[in-house]
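The tour moves from one selection to the next.

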Amino acid sequence: MPASRRETKADDAGPYPEVASRPVSGAIESRVDNVGWAKVRANLDVQGWAIAPQLLTHAEADSVAGLYRQDRGFRSQVIMSRHGFGQGEYKYFSYPLPPLIQALRTAAYPHLAPIANQWHERMRNAVRFPDHHPAFLERCHQAGQVRPTPLLLEYGPEDYNCLHRDLYGEHVFPIQIAILLDQPGEDFTGGEFVMTEQRPRMQTRAMVLPLQKGDAAIFAVNSRPMKGVRGDYQVKLNHGVSRLYTGKRHTLGVIFHDAL
């Protein structure tokens, strides 16, 4: 969620329950490495988003979604309606992250960093990103961005998430991941993941991402470059979730920069 979104402290940010430790980190890392990253890069360059199918198994998705019922392991909880963000709730994980989420964050970053650096070069942004995630987190922490940003969202009937950008401080990694943890049409109806793209002097384009349970949406946090007749220019993107009609919907958000 944007840096301006206020947070309510959770009562208990202690260790995660055992269920969070069951997935094997090596299996997640292997699955991440086997994503078709050339296709992901091409889709990110063309439309600002890509899908990695079945990045989590259904059992892993259920395990992560089940964490929302726990009090421990989260640093804060946000009730969206209190702040005009939409309707629904989300919780930010505390450090240490559950092994599955830690492994996913660490394994995905090296594949995304070259894309992020190319984007910054095309947008004439001098900032470059290190090859590995711990080095980037150290940069964040030195600037006071020390709070973990991976989060778990829960929606029920009539809930939705307003269009937004997840900006938490000076240091922003320009790509993030969201993984759908429930099955559309079975566990819930409505609740589509939506994005908008704002091009200079053009009307806004809306996009609906076709996600199934366990699929990962990989998408631009804020800006991306687009090739024009006179060279590259920047377009702005927002993301959100449309109104849920029935059931419950959970999403794991994996953001690579930490928060102030």
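Select α4, residues 99–122. Its 24 residues run 35 Å from first C-alpha to last, close to the 34 Å expected at 1.5 Å a residue (the expected span is 1.5 Å times one less than the number of residues). Helices here are DSSP runs of H or I, at least four residues, and strands are runs of E, at least two, numbered from the N terminus. This is a predicted model: local features need pLDDT of at least 70, side-chain atom pairs count only at pLDDT 80 or more, and totals for chains, interfaces and linings use all residues. Residues are numbered from 1 along each chain as its sequence is written, and side-chain values use heavy atoms, without hydrogens or water.

Now centre on Pro 110. A kink of about 40° in α4 sits there (the angle between axes fitted to the seven residues ending at a residue and the seven starting there). Step just past the helix to Arg 124, where phi is positive, about 60°.

Next, show the largest nonpolar core, 73 residues. Its members are buried Ala, Val, Leu, Ile, Met, Phe, Trp, Tyr and Cys residues joined through side-chain atoms within 4.5 Å. Helix α4 gives the largest share, 12 residues. Among those with the most contacts inside the core are Leu 112, Phe 173 and Ile 179. Pick Ile 179: beyond neighbours within four places in sequence, its contacts (heavy atoms within 4.5 Å) include Leu 55, Leu 104 and Leu 252.

Finish at Asn 238, in strand β14. Is Asn 238 buried or exposed? Asn 238 counts as buried because its relative accessibility is 13% (buried is under 20% relative accessible area, exposed over 50%, partly exposed in between; 1.4 Å probe, protein chains only).
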